[in-house]
Amino acid sequence: MKRFIEGQYDPRYDVVIIGGGITGASVAYEAASRGLSVALVEKNDFSGATSSATSKLIHGGLRYLANMEFSLVRESLKERKILEDIAPNFVYPFPMLMTHYKSSLKNSKWVVKAGLTLYDILSYDRGSTWDKSKKIPLHKTVSTKEALSMQPNLREEDLTGASVFYDCMSIFPERLTLAFIKSAVAFGAHVANYTRVDAFLFDEQRNVAGIKVTDLLHDKTHEVRGDITINCGGPWADIILGLAKSSEINETLRRSEGIHIITKNKIDPSCVVGAMSKQGRHFFLIPWRGHTLIGTTDKEYVGSPDEYRVTKQSIDELISEVNSTLGDGFVKFEDVLHTYGGLRPLVEDQTEETYESSRKYEIYDNAEDGLDGLITVEGGKYTTSRNLAEKVMALVWNKTSKPMGKTISERRYLYGCEIRDMDAFMASLHQKHPDFKEETLDYLGRNYGAECEKVLAIARQNKKFAEPVGVDGEIFAEVVFAVREEMARRLSDIVLRRTGIATLGDPGEDILKKVAEIAARELKWNRKRIREEVALTRKRLKIPDDTESIAA
């Protein structure tokens with residue numbers, strides 16, 4: 001992929017998209033695959049904010065049933081199956097053990113069983129996956145003894161049993177978002193990260209006609225013109241809208257903070273553990289890359305999203321909530337190896353608790369504000385982003401009558417995910433490349449899919465590139481691939497969003513320096529820039545203490 005902003009680009013696009021998270025990526029793919037000319041800009045890196053701050057789950061939203069949001073749950077379950085199909089190397093069914101303690105009626109196994117029965121009914125098409133190994137079974141209820149045999153570290157006191165059901169894991173949400181970006185590019189979309197929107201452009205009728213942007217890597221301004229501009233700024237959507245609105249029109253998003261922590265393994269890796277705190281909120285302990293991922297929180301955030309940071313207070317609150325349910329000392333602050341967080345945009349303001357707020361989305365035609373030519377998308381959840389993009393395109397067609405094809409996104413593999421049978425694909429990969437370690441092939445096959453052959457080819461060009469880095473068998477060839485093929489421009493892009501080198505915590509200065517030196521040869525960094533990139537990345541990875549916070 002090339003940053004279009006650095007070269008010659010179209011004088012005018014059918015659609016200009018602001019935001020390179022999962023919503024913007026999905027809209028770009030939907031628009032480009034239906035024949036529209038598309039430009040997408042992102043202020044930081046693709047999937048650099050909310051879309052990377054997930055629990056690594058693609059789920060139907062079982063807890064939304066308590067709010068009677070049946071249509072949202074059905075939409076989410078349908079999209080869960082579609083993502084299993086179109087992104088088979090990223091999305092996998094995985095068992096979830098929902099514990100039942102006496103702390104709350106909502107957590108009663110009979111109440112949950114009723115909900116899970118409805119959940120099964122609403123996911124009636126879960127068995128019709130392209131890869132038959134991805135079929136999802138019905139839920140079941142297990143006794144206290146069975147629950148403890150599955151997860152011996154559970155607190156036995158007041159445990160009345162558990163429910164076992166299936167949702168899906170997304171093993172690398174940042175790379176899944178990137179697959180949507182790449183799919184858009186394959187259909188002709190122009191994309192650029194590190195491109196900030198500074199203002200909107202207007203035509204003679206004062207209709208929105210595009211955006212004025214700054215290429216942050218080269219400090220150059222550009223005009224990107226389009227017939228329709230779509231604001232997919234997530235937690236920044238209201239701020240972006242404020243660049244175009246008159247002063248008397250004031251709209252502020254509500255934002256919810258969600259953080260996660262990663263520790264050494266706390267649970268049996270055979271299933272996710274779900275629990276409800278005494279405060280009535282769910283949290284999960286998720287086996288991930290030989291560690292335990294714990295989250296998430298859901299607390300209102302007030303302030304500029306640019307200034308958001310994970311704090312020690314937020315970490316302590318999450319640990320306290322987990323320990324109040326699973327026992328004092330189950331998780332200690334010193335267990336935390338890595339933490340990350342993000343802000344969720346909420347579309348409703350009638351609920352005091354952000355935990356109770358809906359995860360539905362809204363698509364606004366800003367013509368109602370006197371800003372014809374602008375559409376703003378607010379709210380939503382990762383799982384339903386593809387379907388949201390379809391609805392955005394329906395509004396684009398209604399406003400412009402632009403000729404466009406029918407949607408193909410639900411029946412076509414994402415770029416690099418063209419794998420009909422994952423088991424057969426992985427077996428073939430091991431057979432074709434016996435000179436690489438099994439863990440390397442397992443990691444590359446699942447995280448790069450059909451593109452893993454390109455990474456292996458780079459590794460064969462230089463023995464240094466074939467050296468392992470990290471705990472999963474990752475290799476330095478991924479660094480080269482990230483820069484050459486995936487628009488990585490910062491060290492943090494490489495180690496947090498293109499590879500997993502730093503997603504379990506700070507790998508140490510030596511490894512980060514090696515990665516930076518390889519990237520430097522591709523990006524022409526000098527020694528000073530290498531030191532700066534390493535220092536900035538280590539600062540970002542530092543666990544906050546009482547006086548510090550880290551970037552989201």
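**View 1. Helix H13 (residues 491-498) is mostly covered.** Eight of its eight residues are buried (under 20% relative accessible area, with exposed over 50% and partly exposed in between; 1.4 Å probe, protein chains only). They are Leu491, Ser492, Asp493, Ile494, Val495, Leu496, Arg497 and Arg498. The cover includes helices H5 (173-186), H10 (438-448), H12 (477-486), H14 (509-523) and H15 (527-541). Helices (H or I, at least four residues) and strands (E, at least two) are DSSP runs, numbered from the N terminus. This is a predicted model: local features need pLDDT of at least 70, side-chain atom pairs count only at pLDDT 80 or more, and totals for chains, interfaces and linings use all residues. Residues are numbered from 1 along each chain as its sequence is written, and side-chain values use heavy atoms, with hydrogens and water left out.

**View 2. Strands E8 (residues 195-202) and E9 (residues 208-215) run antiparallel.** Seven bridges join them (strands pair if DSSP finds at least two bridges between them). Phe202 has Val208 in E9 as its bridge partner. The two strands form a hairpin with five residues between them. In the turn, Arg206 has a positive phi of about 65°.

**View 3. Thr384 sits in the loop between strand E19 (374-379) and helix H8 (385-400).** Thr384 counts as buried because its relative accessibility is 1%. Leaving aside neighbours within four places in sequence, Thr384 is in contact (heavy atoms within 4.5 Å) with Glu75, Ser76, Glu79 and Tyr361.

**View 4. The second largest pocket holds about 490 Å³ of space.** On a 1 Å grid over the protein atoms alone, a pocket is an open set of points with protein on both sides within 12 Å along at least five of seven lines; a cavity is a set where a 1.4 Å probe fits but cannot get out; lining residues have an atom within 4 Å of a point. The pocket is lined by 16 residues. Ile171, Trp288, Arg289, Arg446 and Asn447 lie nearest its centre. H10 gives the largest share of this lining, five residues. The lining divides into nine nonpolar, two polar and five charged residues.

**View 5. The second largest cavity has a volume of about 60 Å³.** A volume is the space filled by probe spheres set on the grid points, which are joined across faces, edges and corners. This cavity is lined by 13 residues. Phe90, Arg175, Ala179, Tyr415 and Glu451 lie nearest its centre. H5 supplies the largest share of the lining, four residues.

Methods:
Ala, Val, Leu, Ile, Met, Phe, Trp, Tyr, Cys and Pro count as nonpolar, Asp, Glu, Lys and Arg as charged, and the others, Gly among them, as polar.
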